Amino acid sequence: MMSETTTDVLVIGSGIAGCAAALAAVREGADVTMATKATQPEGSSSWWAQGGIAVSKDDPEQFKADIIEASDGTADPDAVDVLVENANDAVRDVLLETLDVEFDRADGAGSPASKQDLDFGQEAAHSDERILHVDASTGKAIHVPFLNYLDAHDSVEIREDTAALDLVRHEGRVYGAMLEHDGEVEPTFAGATILATGGIGELYPNSTNPVGMTGDGIGMAALAGADVADMEYVQFHPTVCVDAEEQFLVSEAVRGEGALLKNGDGERFMPDYHDDAELAPRDVVARAVETEREQTGEVRLDVSPLDFEREFPDLVELCEDGGIDYTDGIPVAAAEHFLCGGVAVDDRGRASLDDLYAVGETARTGVHGANRLASTSLLEGLVWGLRAGEDAVGREVQTMEAPELLNRDPELPEKFARDKFHRLRRVMDEYVGLERTPEDLNRAQGVLRRLKGEVDAYVRTRTSRSLYELRHASITALLIARAASENPESRGTHYLAEAAETTAD
């Protein structure tokens, strides 16, 4: 007989959103189980966040205006209100007072200055300096102490190297999830289940995400019948060094401090694309970078206008480790970065299925609309994580007969999932990337439907983490392509080349 476990709140994922949800739940007296595929902090997208975390300071209305403008007017004003009105308190409570994160200070990083002397940076599409940061490694500086804090808490169990394969659901309610560890699968029943599985980096050949970001939360939620929204809005980061031995993101903060984008002819080009030049919204900069790469062979980020060594020592180290001479400019390209859509949730992170929540990049809160403003992802994860975790407490834990995940056929060849993922990434890159056409989106859907059908057939008789990850990825990819094909309007990250050309005419 299959063993089972119970918990008050099950959090699937261990980034800042999942950690915030767990923290809020234990503060309310709940026992929390956190299941994460990661075996170290680097396995979470939050760990890799460079630029920082934005706050409202003393002007939430201006912060709200910047978010909505960056979204091309598509962000939900009510959701943005929730973000900006809770930003300062959430950061103060969790990051400064609970975790004592050593953000950079105005008179030098790590100095014993008061919290009023925090150094606020500026990034693209922000009208004010409001970004708290720790060099170019803010995510790591937040995430490691957060995990350590929770790991030391008596009411939190962190289950590493553990994947959620499927949600346990019945008649519109979620009872928990089927969790896999070391080949063994068992149900964990919970009063509430919170999806915080991160992004979709594995759906594209080049991404800023860590390995393992296969859209698990979105795939499981959609399969269970939960609503999803804004799936067409996939944000690409414009400055990713893809020529290094291991590609790495070059923070938006570098351009905020004065770095310039130059093409293969050595010419600065962003003023020709947007009045805000290097500080234009990410979708504009990303498309400009790729256009110039196609026309001139390369794009480099010129860091000579700033004291790069002093201001960004972590990026200097990444350049040196990757064999990049930053004094000649850092070679950059656009890469998949963030999904603005996801599981549709309300202002408490509640999904359309009872007792199911989603937070962080897995969720569509409405804050980002068609394009995310820089350094708002950590903040959104923190704010919605706290709200969801608090709301999730007090629900009755009920068990039911868990689905039987069959494993009666021989294991698939080791390269099966790898080859299918390669096919999926090629389709997404060619047809559902920075620029799309209706014809390409139709082609993508055809290929992805066939791929999903193949995977579904194997899942019926085989159970493995790689196969279920492939299932989640194929579902999520198909949702992106379908949403893109159903939206005829180019807005933000969803750019239809033919529609744009027609509008220009």
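This is a predicted model: local features need pLDDT of at least 70, side-chain atom pairs count only at pLDDT 80 or more; totals for chains, interfaces and linings use all residues.
The structure holds 37 salt bridges. One of them joins the side chains of Lys 64 and Asp 81, with 2.9 Å from N to O. This pair links distant parts of the chain, since Lys 64 sits in helix α3 (residues 60–70) and Asp 81 in helix α4 (residues 77–98), 17 residues apart. Both Lys 64 and Asp 81 are buried.

Another salt bridge is formed by Asp 166 and Arg 169, whose closest N and O atoms are 3.2 Å apart. Asp 166 has a relative accessible area of 7%, so it counts as buried, because the cut-off for buried is under 20%. Arg 169, at 31%, is partly exposed.

Asp 346 and Arg 350 also meet through their side chains in a salt bridge, at 2.7 Å from N to O. Asp 346 is partly exposed, with a relative accessible area of 27%, and Arg 350 is partly exposed at 33%. These two residues belong to a network of salt bridges that also links Arg 173, Asp 355, Asp 391 and Arg 395.

A further arginine, Arg 159, lies in strand β6 (residues 156–159). Its relative accessible area is 16%, so Arg 159 is buried. Beyond its neighbours within four places in sequence, Arg 159 is in contact with several residues, among them Thr 5, Met 34, Leu 179 and Glu 186.

On the surface, Glu 245, Glu 246, Glu 309, Glu 317, Glu 320 and Asp 321 gather in a patch of negative charge. Helix α10 (residues 313–321) gives the largest share of this patch, three residues. Glu 245 is placed in the loop between β11 (234–241) and β12 (248–249), and it is exposed, with a relative accessible area of 69%.

Definitions and conventions:
Residues are numbered from 1 along each chain as its sequence is written. Side-chain values use heavy atoms; hydrogens and water are left out. Patches are made of residues with over 30% relative accessible area and no salt bridge: like charges are joined within 9 Å, nonpolar side chains (Val, Leu, Ile, Met, Phe, Trp, Tyr) within 5 Å. Accessible areas come from the Shrake-Rupley method with a 1.4 Å probe; for residues, only the protein chains shown count as cover. A salt bridge is a side-chain nitrogen of Lys or Arg within 4 Å of a carboxyl oxygen of Asp or Glu. Lys and Arg count as positive and Asp and Glu as negative; His and the chain ends are not counted. The place of a charge is taken as NZ of Lys, CZ of Arg, CG of Asp or CD of Glu. Helices (H or I, at least four residues) and strands (E, at least two) are DSSP runs, numbered from the N terminus. Buried means under 20% relative accessible area, exposed over 50%, partly exposed in between (1.4 Å probe, protein chains only). Contact means heavy atoms within 4.5 Å.
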